[in-house]
Amino acid sequence: MLKVNEIFYSLQGESTFAGKPCIFIRLSGCNLSCSYCDTRYALDEGYEMEVGEILAKVESYPCELVEITGGEPLCQPESIKLMDKLLAQNYNVLLETNGSIDLADVPDEVTKIVDVKLPGSGCWGSFFRDNLDFLECWDELKFVISDREDYVAAVGFLDEHDLWQHEVLFSPVTDRLAPSLLAEWILKDALQVRLQLQLHKLLDIK
């Protein structure tokens, strides 16, 4: 049984999959409280669903790309069972996670989009360092950047752990950092990262 906030079909707004049709399974609950969180409604609101019920809902949409998001999906251990079931049905599965919970049980075939929290989030230091051992070459690292301090912290984290071989996403916090300024920093430092804007917000869709 999982507590589900919502299941919906839309365009993927973030990551290297941005722009692709995607089925979103948003699970309720989170172990962090980021200062810029835009899904606070998912912290408590939701309803109980069996994994089979979730799969039936997913099957009603004409799409093979599925993202499990939150909240923080790994707060609910049965999310692993859901990933296994989706993979068994040949779905391409993405997991959006904050990196603070052990990734050891996440199936290797799942693309993990790991959101490393920076000082501006209010949750700096929450990343579980052992999770670096469970990153596959196709997994993605996401950094939500509020200001110059966050930018420097993100680059320092990537340097310290030699993570530049992964797909790295730098995303500015809406109303805190102009995308054009973040672009200037990236270009000046010749960083091999992807500037990521939230496509779903630009298009004003869910």
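User: In this predicted model, where is the place of Gly71?
Analyst: The model is a predicted one. Gly71 falls between a strand, β4 (65-69), and helix α2. Its place is therefore named by these two elements, which are DSSP runs. Gly71 is in the loop between β4 and α2.

User: Is the peptide bond from Gly70 to Gly71 cis or trans?
Analyst: Most peptide bonds are trans. The bond from Gly70 to Gly71 has omega near 10°. This bond is cis.

User: What is the relative accessible area of Cys75, which lies in the loop between β4 and α2?
Analyst: Cys75 is placed in the loop that joins β4 and α2. Buried means under 20% and exposed over 50%, and Cys75 is partly exposed because its value falls in between. The relative accessible area of Cys75 is 33%.

User: Which residues is Cys75 in contact with, leaving aside its neighbours within four places in sequence?
Analyst: Cys75 and Glu136 are 61 residues apart along the chain, and 21 Å separates their C-alpha atoms. Contact requires heavy atoms within 4.5 Å. With sequence neighbours within four places set aside, the contacts of Cys75 are Cys30, Asn31 and Ile101.

User: How many residues of the contact of α1 with α2 are nonpolar, polar and charged?
Analyst: The crossing in which α1 passes α2 is right-handed. From α1, the contact uses Val51, Ile54, Leu55 and Val58, and from α2 it uses Lys81, Leu82, Lys85 and Leu86. These residues divide into six nonpolar, no polar and two charged.

User: Which residues have the most contacts inside the largest nonpolar core?
Analyst: In soluble globular proteins, nonpolar side chains tend to be buried together. The largest nonpolar core here has 59 residues. Helix α3 (residues 148-161) gives the largest share of this core, six residues. The residues with the most contacts inside it are Ile25, Leu86, Phe143 and Phe170.

User: What is Leu86 in contact with, leaving aside its neighbours within four places in sequence?
Analyst: Leu86 belongs to α2 and takes part in the contact with α1. Leu86 is also among the residues with the most contacts inside the largest nonpolar core. Neighbours within four places in sequence aside, Leu86 is in contact with Ile25, Leu55, Val58, Val66, Ile68, Tyr91 and Val93.

User: Is Ser15 buried or exposed?
Analyst: Most residues other than glycine have a negative phi. Ser15, although not a glycine, has a positive phi of about 75°. Ser15 is in the loop between β1 (2-11) and β2 (21-27). Because its relative accessibility is 6%, Ser15 counts as buried.

User: Is Asp175 buried or exposed?
Analyst: Asp175 is a residue other than glycine with a positive phi, near 75°. Asp175 sits in the loop between β8 (167-172) and α4 (179-188). With a relative accessible area of 81%, Asp175 is therefore exposed.

User: Which residues does Gln198 touch, not counting residues up to four places away in sequence?
Analyst: Gln198 lies in the loop between β9 (194-195) and α5 (199-202). Gln198 is buried, since its relative accessible area is 17%. Residues up to four places away in sequence not counted, Gln198 touches Gly13, Glu14, Asp38 and Thr174.

User: What is the C-alpha to C-alpha separation of Tyr41 and Gly29?
Analyst: Tyr41 is located in the loop between β2 and β3 (47-49), and its relative accessibility of 31% makes Tyr41 partly exposed. Tyr41 and Gly29 are 12 residues apart in sequence. Their separation in space, C-alpha to C-alpha, is 9.3 Å.

Terms used: Residues numbered from 1 in each chain as written. Predicted model: local features only at pLDDT ≥ 70, side-chain atom pairs only at ≥ 80, totals over all residues. Heavy atoms only, no water. Left-handed = near helix turned anticlockwise from the far one by under 90°. Helix = DSSP H or I, 4+ residues; strand = E, 2+ residues; numbered from the N terminus. Nonpolar A, V, L, I, M, F, W, Y, C, P; charged D, E, K, R; others polar. Buried < 20%, exposed > 50% of the residue type's maximum accessible area, 1.4 Å probe, protein only. Core = buried A, V, L, I, M, F, W, Y, C linked by side-chain atoms within 4.5 Å.
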